[in-house]
Amino acid sequence: MRDNQISKLYRAEDAVFSPNGRKLISTSKCNEFINKIIRQGYYNDNGGFRIIRSRYPKIDSQCATWNLTGNLLTLPPWAKCKQVIIHEMSHALCDHIAMNRHKFRETVEPHGKEFCTIYLNMVHCYISKKIALELEESFTKFGIKYTRANLNF
Ligand SMILES: [Zn+2]
């Protein structure tokens, strides 16, 4: 599966969520925030997975990941902040929607327009409208595809 938007998306994210300005939170706050996402708002309204496992490796060089096998979120120390959790939980919701649609997984890129649309709605719901609008503007600037008609703001 090609992932054409990934590097542009990372640049667009960094323009809004400065990598040096991440507000890191404790493991228990991360778990609280993940549980909040599962129980209320956009993720919950769209029937996202009810059970999410999370692991917190101590090695900073690891990537933050969502793995559909085992519904597993991996958050190394640098990734313990709301915006990274929202990014990874957007993958979880995107995969969930994918599984409920015929052949979705074969045709949808990991960071394609469906993911980017879900991600903007997640940022709107769990951070703020202001930041969601800034991120949308950044998506436009970096030429990232998403579907404006499917945004909730
Ligand atoms: Zn991603």
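I began with leucine 120 in this predicted model, and, leaving aside its neighbours within four places in sequence, I found leucine 120 in contact with Ala132, Leu135, Glu136, Tyr146 and Leu151.

Next I looked up where Leu120 stands in the largest nonpolar core, which has 30 residues, and noted that Leu120 is among the members that touch the most others, together with Met89, Cys116, Tyr119, Met122 and Val123. Which elements give two or more residues to this core? I listed helix H1 (6–16), H2, H4, helix H6 (113–126) and helix H7 (129–141), and I wrote down that H6 gives the most, with 9 residues.

I then turned to H6 and H7, whose axes lie 7 Å apart and pack at an angle of about 155°; angles over 145 degrees count as roughly antiparallel, so H6 is roughly antiparallel to H7. On the H6 side I found Cys116, Leu120, Val123 and His124 making the contact, and on the H7 side Lys129, Ile131, Ala132, Leu135, Glu136 and Phe139. Sorting the residues of this contact, I noted 7 nonpolar, 1 polar and 2 charged.

Last I looked at helix H2 (residues 27–39) and helix H4 (residues 82–99), whose axes come within 11 Å and cross at roughly 40°, and which are therefore oblique to each other. I recorded the crossing of H2 past H4 as right-handed. The contact is made by Cys30, Phe33, Ile34 and Ile37 of H2 with Lys82, Ile85 and Met89 of H4, and I sorted its residues into 6 nonpolar, no polar and 1 charged.

How values were computed
Residues are numbered from 1 along each chain as its sequence is written. This is a predicted model: local features need pLDDT of at least 70, side-chain atom pairs count only at pLDDT 80 or more; totals for chains, interfaces and linings use all residues. Axes are lines fitted to C-alpha atoms, for helices over the stretch in contact, and angles run from 0 to 180 degrees between N-to-C directions. Helices (H or I, at least four residues) and strands (E, at least two) are DSSP runs, numbered from the N terminus. Angles under 35 degrees count as roughly parallel, over 145 as roughly antiparallel, 65 to 115 as roughly perpendicular and the rest as oblique. A crossing is left-handed if the near helix is turned anticlockwise from the far one by less than a right angle, and right-handed if clockwise. Two residues are in contact if their C-beta atoms, placed from the backbone, lie within 7 Å. Ala, Val, Leu, Ile, Met, Phe, Trp, Tyr, Cys and Pro count as nonpolar, Asp, Glu, Lys and Arg as charged, and the others, Gly among them, as polar. A nonpolar core is a set of buried Ala, Val, Leu, Ile, Met, Phe, Trp, Tyr and Cys residues joined through C-beta atoms within 7 Å. A residue is buried if 20 or more other C-beta atoms lie within 10 Å of its own, exposed if 12 or fewer, and partly exposed in between; C-beta atoms are placed from the backbone.
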